[in-house]
Structure formats: structure tokens, C-alpha cells
Amino acid sequence: MPRTPVDSLRRLRLSEQLEGPTPVVALHAPAGFGKTVALAQWARDTAADGLWLRVRDRDVDTRAFVQQLADELIASGLSPADGPLRHLGEAVSAGTDPWQLLRRALRDLGELVLVVDDADRLTAPAVEGLIAQAHELPTLRLRTTARSGSALTDPGLALTLDALVLGPEQLALTPDEARAILGAQAADGTLDEVLASGGSPLIARALAQAQAPSHRESPGQTAAEAAHAPARPHPRASDALADLLARRIATEQWESRFVNFLARTSVADELTLELATTLSGDDDSERMLARAEREGLGLRTGSPATGARFRYAPLMREAFERLLRAEHPREVRALELATARWEAEHGYVYRALARARQQEDWALATAVVREGWHVLLRNHGSQVRELFTHVSVLTLRKLPLVTMMLAIIYNARRSNRLRALEFFALASYGANRQASSASPPDRALLAGVQAAALRVSGRMPQALVAADRCHDTLRSMSPADHELLGPNEPSLWNQAGTTFFYNGRTELALDSFARSTAVSDARGLTAGILALGMTAGVHAIAGDLPESAATVDEASQRDWPEGWLDGYSGSFYQIARAFLALEAFDLDEADRRVRILDPHRETIEHWSLLAHLDTVIGLMRGDSGETLHRLQSTVRAQHRRRNASAFSTDRLRHTFVLAHLADGDVPAAIRALGPVPSPSRAKSGAPASLDPRLAVSRARIALARGLPDEALMLLPPESAPAASSRSRGEALVLATAALAQLGDDEQTLRAAASALAFTAERRQQLALAFVPRPALTELVAVLQRSGATEQAARVERARERAFIAGELSGIRLTPRELEVARHLSTGAALPDIAAALSVSPNTVKSQVRSLYRKLGVTSRAEAVSRLTVLGITSASEWAGR
């Protein structure tokens, strides 16, 4: 075995793995990682018999290797001089298989360890033959070192033979080992240099020597004082290696062509043959890379068939990069940008973006962001943020894609919301400025960026204009332009669709999501999965539960990327699942789906939908007070974050109505809807039109107040267009319940047939549960009287989940108020009522005011309507109530 330095560090952890029974153990790393030293230390201490063979020449073929091995076996005395190997050369010349003779000799030797140092100098057939011996001979163990890869270092070898590869990670020094080499007095910075260099023992030894105190005595200095003199300031590992490398280049007389190749290719983190040729301009790059590997400057992984890659050892690369910058400074920018373009084309988007940023090539930076948008957001958010920290606003306003990405990254943190809004505004400005001069693909991209930026910052009308522009541009583009958009097209459809949804254009949103899925499926992209989730959520929110359930089933069968289902990307999928569970009255499952998105609550764009789901779940569990408080707190927090758009707050008005009615606070429910004018009748006698959702909420309030005729007046006719299936279902059910309270069984049954059929077909149960309980009680009674027991049972199940108690249950009228109420319903004037009751008109007026106050009404018409609901027809009927 080779002689090892007396002060070399013994690494028992490596010796233990070399000592084990594993048939093949290969030490594979660049020069300087202590492969031979580790192997020699183990060989010195092991009790096993074996032979150490160093392959000195390059490209040693089978015959030469077996002959060298045979000679060494005989010379060492392991194989007898008159054994089968004595005439190996002659036998091979006569056509005998050299491995066959060697195998016979090795079999006779019994347990044996064969160490092959620098096994990468063997040809592939020689390596394959050596591996075959390990297969054939259970008594043979192989231990090898190599700077470059071969079948001995291929991970696939472990599939057919127990094999272990100790690579740079295993051979690198641990902190304790590095400290042992450097000495206890070494500065922490020196230790950090060793570890940062990849833990190379060679670097550690070079630094240890460089920092050692001089033991030569200065004039007037004793030997003891010299021995305890302070160490020199710690050098840098790259400086130490540069010195070693400079000496090696000079000693081994590397030609300038090879050195220039190393310098020009050192700018890349890894090299393919194509990239090496591009950077170096050398047509013989294959040979140059092979030589770099043989010289121990780096490692090559993979194969030509799968795309071999060469990586310099970290400090080797740094040393040659310093050489490049010193001797060819004018070439650095071009080489960096060429590398960046290659990295962008091969999926290394952050590396490419970092180079483009460093060289301030903003066109390339924009192109990288365009191509690698999702990868950068998903894997490199904090790095991208740091990368552009010191780029001026004047520059960023010209880079809307970059600025939009920064806005999204900042928006992910609650504390950075204001900064995010600044970037959203900046991205919108930049996109708007560039739109007129851009190509169709870039116009679509800029419009999509602008739509997203404006939407997330709460400017919905402006976002809608940008989304329309994005949608129209995408629809009108040529096939070639679509190809230029690459993987971004599905995301643009998604952004446009989301903006359409948040502006109430549901059909256009669904169309956009369908196009995203189609494009994604055709191109093998993942953004279409997100579009499926969005489609499922939009259907569920709109009350189209069959379509939502079908889309959820389809989305569930897709291969979602890791983390998507539990994050922003899967938010609408989880929202769909929550609505589906709610419609089945499965509150626990609905709550579980919403809780999945809790980590994203403070930054997620869809917070208002989650707040609505939270509220409905809480109300149906009977916790109206706490649920209302949470809803109010959520809205206040989002207003503070400037994340409460008009659209979101408008939708939540109707959620607040539900919460206030459940809490028994009708005035608060009325205030939640805002200043809405009372409906007036047109000349035709029909009620003036209202927003369908607003009409439903106002009708719900009226029904909760015990005013079914007002509820009917507020609700649009069945033939009128509805905002959504959910709005239509709720309107039909409220109208049916109001008719039931008015006591018209015939009309109630006709309305119930339509309402219950529609909500059953749409799988809507919440529409019934949102009706005040007294009205549902009356509806159940009507259905039971008519013999519609199945429908009655369905309404009864919903009544058990209903959370709006209504105001009627707490009304208590005095006998005199009951008398006045009976006369009011006849239409008699107040003086006539006073005469009939033998009291003064002023007394009747006072009793009427008291009656109105208890009934919660302001007019005789409203009072009569509510009295009808109460069933007051004579005082005697209510005397005992």
C-alpha cells in the first residue's frame, strides 16, 4: 500500500465501511478528497489478506490489466510461481480468456481483498470483467478508488451485486475532522472555509500549513516564545487551492488550450458537452472534459445516452473562474449570459435568473421569469426577493413580469402586505405601458399580469378590463403565437377566469378554466389541474352541485404536484369539497376541508369564501354569537391589510345577514345590506327589479320578521333571470315558505313542487336550512296535510339544521292589543275601532303604537300581514296564549 503522511487523520468511519463484507466498495471523488489515504489507512490495519494494485497508465484494457494483476500476485507470493498465471501471456496469445485463468488463480487463494487504485484508468471492458469476478467469486472483495465514473461507481450495480459507493459527501470532512487537521487554535473562519469548500482534506491540509506559526526564532525570541507565537490570519481556501493549482499547471506543463478550456467553462455550475463547446469554442470538448475528470478536477455523472454532466469540484471551479476574470475579463459577461440561456432552456431557472440579474440583462431576466414562473414562485421565493432587493423602482417599472412575481412573493407574508400592494401597482403600470408595443403573446401575458395585479389589490373593475383584454388576445392568437406562450398559457386562462369569477361573470370564468385544462392536457402541463379545482369551486359556489361533484371526482384522479392540494393552488378544490359536505349537512367534513387552508388565511385571495364557509358551519352548529364575532374580526383584519375588495365585502353582506338573523338581531341584518331603496311598482304593477342576491337577502329578512307578503313582493318571479342556481334555489324555497305562512295550501303545494324539485336536482340543502324555522314549520305542515310525506321529511331534516329562529316566537299581546289587532284586520278606521271598544280615539292610537312596536312593523299593511302569520282572527283564540 502507499505510504501515508505520519500526521494524516485516521477516519474510522470510512475504515469501518471498507472493512465490511460488501463485495464492492468504490471511493469516487475528485482529487483532494483523501480517497487513497483512507484506503491505505484501512489496508494497514485490516487483518485480511489482499493485494494493492495501482493502475498507472490510462485506458488500460483487459489483457494489460489482467497481466499486471497476475504479475503482482506472483511477485507478492500470493499466487505460486508455478501456478495457472505463470504462462498467462502465452495462453492469452493462444486465445485463452484471461479472466478464466485469473479466476482459477483467485479461487485457489480463498478469501482475498483486491484493491484497485485509480480504477477509472481502466477501459470499460476491463471494468466489466473485474465486476464479473466479484459476481463469480464469493471469496473476492473489491476496493477501488476513482476520480471519474465507471460501472464500478454506477448506482445500478447495487441492483445485481452488493456494492457501496462512497462519494464526495461521504469522503468530505466532518467539522470535527476538519478541526483535527487544522488544529485547536485555528480560527473559526478557517474551519468555515474548509467546510464551504466541500470538506476537502487537501484544502484542510493546505490551510493548516498556511496558517501554521513560524517556528524560526526572531532575534531576541526564545524557542518557547516562537512556539507560542500567534497564528497568521487565516487564509482563504480558494487562495490556497489557487496556489496549489498554479504550481500543478506549471509542474505538469498543461498546455494553454486546456487551461483556457477550464477557465471558460468554469462559469457554469455543470457542463454538458453542448454547453462546454458553446462556452469554450473548442470542438474537442469531449476530450477536454474527459481529461479534466482524469486530472481530478471534477466528476462526470450520467451517460451519453441519458445526458452526461460534468461538475467541477467547488474550489477547482472557483480557482479557474478567478483565472478567467484575471486573464479574460472582457469575455466574462458573454460567457455568463450564454450559460444563463442554457440554464433557462434546461430548467435551471433560478440560476439563469440570478445570472441575468447580475449582468443586468433585463430582457433575459423577463424571458426567464416568463418561462419559469411557477418554478420560481414555488421553490425560490425568498431567493428571488433577495435577488431584486437593490434593483431600483425605475428599473422594476419596466419589468412588469418580474415585479408581479415580487408582488406575489411579498404578499405571501402578512407583514409585507403593503409592500406587495406597491409591487402590484407597479406591475400593473408597467404592463399597461408595454401593452401597445408588445407582440400578441406578450400582450396576452402582460394583460394577464395586469388582471392578476389589479384583482389582488382590490381594483376589480380595472382588473376586469385587463382580463377581457387577455381573454380576447388569447382567443385571437395564431397557433404559432400560442406555442410562443409555452407553459404560461394555462396560467393566463386561470388568471383571466379568476378575475371573471370575482366580477360575477361565472360563465366566462368557467369557459376560461375549461380552456386552461384543455391546453394543459394537450401539452402535459399541470396548471390544468388547478383549473379543474377552480371549476369545481365555482360550480359549488354557484349552487351547481352535480357539476361540482363530477369535477371534484375528475380532479381527485389527477396527479397533483406535492403541496398543491393543501395550498393556494388547491384552495377552490377544498372550497368545493366543503360546499359539497355542507349541502349534505356533514359539518365535520366541511370544517376539515376549510381547516386545510388555515395556514394561508392571512394572505389568500379567497379569504371571503372561506369566511362564508366558516360562518355557515358555525351557525349550523348553533354558535351564532361567537361565529358572528369571528366574521367581524376577519373582515376588520382584511380591511387593515387592504385585502377587502368591494366584491368580497359585497358577497359577505349576505353572509352577515345570515349571522345577524341567527343572532336574533334583525335591525343589524337590515343594516348589513346597506342603504337599499324599497322596491316600488312600475306602471305595469310589477315590482321594480333588484339584484337577485339582494332580493333574496331582503326577502329572508322579511320572512324572519314574520312578513311573508313583503317577502313575496321582494322576490323576483320564477321566470326572471337569477344570479346563479344557488340564488334561484334560495328564492324558490323562500317564496314557497312565505306562501305556507300565508295559509294558501294550494299555491304552496304548486310552489313546493317546483322549488323542491329544483333544489333536489341541484343537490341544494342549504337553501332550505337558510329559511327561518317558523316558515319551515308551516311548510312541513302543509306538505303533511297534502300527503307529500317524502317532501315533508326532507324539509323537516332541513328544519332541524335551520338556525334562523325568527321574531314571532317571543311576541306576547295583551287582551286589549288582541282586540285592537282583530279590528285592524277588518280594515276599520281608528275612530270606528274606538267606538266599538268604547274607548277614546287617543287610547286606540296608543294601543296601535304598542301593537306595532311589538310586531316590529311601521304600517297597518305590515301589521295585518304579520297578524295573518300569527293566525289572529279573534281575541278569544289568543286569550290563553
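Predicted model: local features only at pLDDT ≥ 70, side-chain atom pairs only at ≥ 80, totals over all residues.

Reader: What share of the 881 residues counts as buried?

Author: That comes to 52% of the chain.

Reader: Okay, now the strands. How do strands make a sheet?

Author: Strands of a sheet pair through backbone hydrogen bonds, and they can be parallel or antiparallel. In this model, five strands form an open sheet in the order E2-E3-E4-E1-E5, and the pairing is parallel.

Reader: Which strands are at the edges?

Author: Strand E2 (50-54) and strand E5 (163-166) are, and each of them pairs on one side only. From one strand to the next, the twist averages 10°. There's a helix to spot here too: helix H2 (residues 35-45) packs on the sheet and touches strand E1 (24-28), E2, E3 and E4. The direction of H2 makes about 150° with that of E4.

Reader: Can you show me some of the pairing, bridge by bridge?

Author: Strand E3 (residues 112-117) and strand E4 (residues 140-146) are parallel and pair over five bridges. Find Val116, and you'll see Thr144 of E4 opposite. Now go to E1: five bridges join E1 to E4, also in parallel, and here Ala26 is the residue opposite Thr144. E1 pairs with E5 as well, in the parallel sense over four bridges, with Leu27 standing opposite Leu166 in E5.

Reader: Where do the side chains of a strand point?

Author: In a regular strand, side chains alternate between the two faces of the sheet. On E1, Val24, Ala26 and His28 are on one side, while Val25 and Leu27 are on the other.

Reader: What about the cores? What should I look for?

Author: In soluble globular proteins, nonpolar side chains tend to be buried together. Here the largest nonpolar core has 166 residues, and those with the most contacts inside it are Leu353, Val384, Phe388, Phe572, Leu582 and Met620.

Reader: Which residues is Phe388 in contact with?

Author: Leaving aside neighbours within four places in sequence, Phe388 is in contact with Leu353, Arg357, Trp362, Leu396, Val402 and Leu406. A second, separate core has 33 residues, including Leu85, Ala105, Val116 and Ala119.

Reader: Could we try one buried residue from another part of the chain?

Author: Take Ala863, which is found in helix H47 (residues 860-870). Ala863 has a relative accessible area of 0%, so it counts as buried. Not counting residues up to four places away in sequence, Ala863 touches Tyr852, Leu855 and Val857.

Reader: Last topic: how many salt bridges does the count come to?

Author: The count comes to 43. In one of them, the side chains of Arg355 and Glu336 meet at 2.6 Å, N to O. The pair links distant parts of the chain, with Arg355 in helix H18 (residues 349-358) and Glu336 in helix H17 (residues 332-345), 19 residues apart.

Reader: Are Arg355 and Glu336 buried or exposed?

Author: Arg355 counts as buried because its relative accessibility is 8%, and Glu336 is buried too, at 2%. For another setting, go to Asp598. Its salt bridge with Arg595 has the closest N and O atoms 2.6 Å apart, and its salt bridge with Arg601 has them 3.5 Å apart. Asp598 is partly exposed at 32% and Arg595 is partly exposed at 30%, whereas Arg601 is buried at 18%.

Reader: Which residues do salt bridges with shared partners join into one network?

Author: Asp269, Glu321, Arg325, Glu336, Glu343, Arg351 and Arg355.

Note on methods: Residues numbered from 1 in each chain as written. Heavy atoms only, no water. Core = buried A, V, L, I, M, F, W, Y, C linked by side-chain atoms within 4.5 Å. Buried < 20%, exposed > 50% of the residue type's maximum accessible area, 1.4 Å probe, protein only. Contact = heavy atoms within 4.5 Å. Pairing = 2+ DSSP bridges. Helix = DSSP H or I, 4+ residues; strand = E, 2+ residues; numbered from the N terminus. Axes fitted to C-alpha atoms, helices over the stretch in contact; angles between N-to-C directions. Salt bridge = Lys/Arg side-chain N within 4 Å of Asp/Glu carboxyl O.
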